[in-house]
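Here are my notes on this model, point by point. Please keep the structure open while reading.

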Amino acid sequence: YKKLYRNLYNPLFFLDAYQNIYASEGNMTAGTDGKTIDGMSTKRISGLVDKLRDFSYQPQPVRRVYIPKKNGKKRPLGIPSVEDKLVQEVIKNLLESIYEPTFSKFSHGFRPEKSCHTALIQVKGTFTGSRWFIEGDIEGFFDNINHHILINILRKRIDDEQFISLIWKFLRAGYLEDWKFHKTFSGTPQGGI
């Protein structure tokens, strides 16, 4: 796939992204820039597209907060700026159009129109005689994703260094915790798109 980056010049993709994310309760939580999705306008989207077009766009560090888990521990959550969420949503839509058709029909996690419920329906319809299931979780998975491996996987299908560079910018944007900046060398924040 070549010339993906130029899709980021299309304001209609950002309006579609806005429609996908505006109703989410988390969008009324401000990122590090202090803005929420309230007051989003075509003028803000045009300004964002202009920054992408002249390559001056730079993702903001995410604001790190902690939310409680069932086991009493806390999970780090990264809250990106609204503009970053819009760009991430457009990127996600482009990546889904490339990768989604090739994913296994038995894969249900983090996919459009797939969930634990679709997995259960599939289990009910195809498995016979199962008496029990084991639930598993990879602890700290998203916090430890290797950026170089992820980018190399993307490069197998995507031949557009401007697009890849934008993903690098998001991975390396860092985070603010108690208003202190921290660099990110691995992982991807949970809480963004």
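1. Helix α4 spans residues 116-126 and lies largely in the open, because zero of its eleven residues are buried. Its N-terminal end is capped by Ser115. A side-chain oxygen of Ser115 sits 3.1 Å from the backbone nitrogen of His117. Bear in mind that this is a predicted model.

2. A nonpolar patch on the surface is formed by Leu12, Phe13 and Leu15. Together these residues have about 260 Å² of accessible area. Leu12 belongs to helix α1, residues 11-21. Its relative accessible area is 58%, so Leu12 counts as exposed, the cut-off being over 50%.

3. The largest pocket holds about 2400 Å³ of space. Its lining comprises 49 residues. Nearest the centre of the pocket lie Phe110, Phe141, Phe142, Ile145 and Thr188. Which elements each supply at least two residues of the lining? They are β2 (74-79), α3 (82-99), α5 (147-155) and α6 (161-171). Helix α3 gives the largest share, seven residues.

4. Ser81 is in the loop between β2 and α3. With a relative accessible area of 1%, Ser81 is buried. A polar atom of the Ser81 side chain lies 3.1 Å from the backbone nitrogen of Asp84.

5. The whole structure contains six salt bridges. One of them pairs Arg44 with Glu83, with the closest N and O atoms 2.9 Å apart. This pair links distant parts of the chain: Arg44 is in helix α2 (residues 42-53), Glu83 is in helix α3, and 39 residues separate them. Glu83 is buried, at 13% relative accessible area.

6. Why are Lys92 and Glu89 separated by about one helical turn? Because they are three residues apart in helix α3. An α-helix has 3.6 residues a turn, so residues three or four places apart point the same way.

7. Glu161 is partly exposed, with a relative accessible area of 44%. Arg155 is partly exposed as well, at 35%. Elsewhere, salt bridges with shared partners join Glu89, Lys92 and Glu96 into one network.

Note on methods
Residues numbered from 1 in each chain as written. Predicted model: local features only at pLDDT ≥ 70, side-chain atom pairs only at ≥ 80, totals over all residues. Heavy atoms only, no water. Buried < 20%, exposed > 50% of the residue type's maximum accessible area, 1.4 Å probe, protein only. Helix = DSSP H or I, 4+ residues; strand = E, 2+ residues; numbered from the N terminus. Polar contact = N/O pair within 3.5 Å; in protein donor to acceptor, adjacent residues only side chain to side chain. Patch = residues over 30% accessible without salt bridge, like charges linked within 9 Å, V, L, I, M, F, W, Y side chains within 5 Å. Areas by Shrake-Rupley, 256 points an atom, 1.4 Å probe, with all protein chains shown as cover. Salt bridge = Lys/Arg side-chain N within 4 Å of Asp/Glu carboxyl O. 1 Å grid on protein atoms, 1.4 Å probe; cavity = no way out; pocket = protein on both sides within 12 Å on 5 of 7 lines; lining within 4 Å. Points joined across faces, edges and corners; volume = space filled by probe spheres on them.
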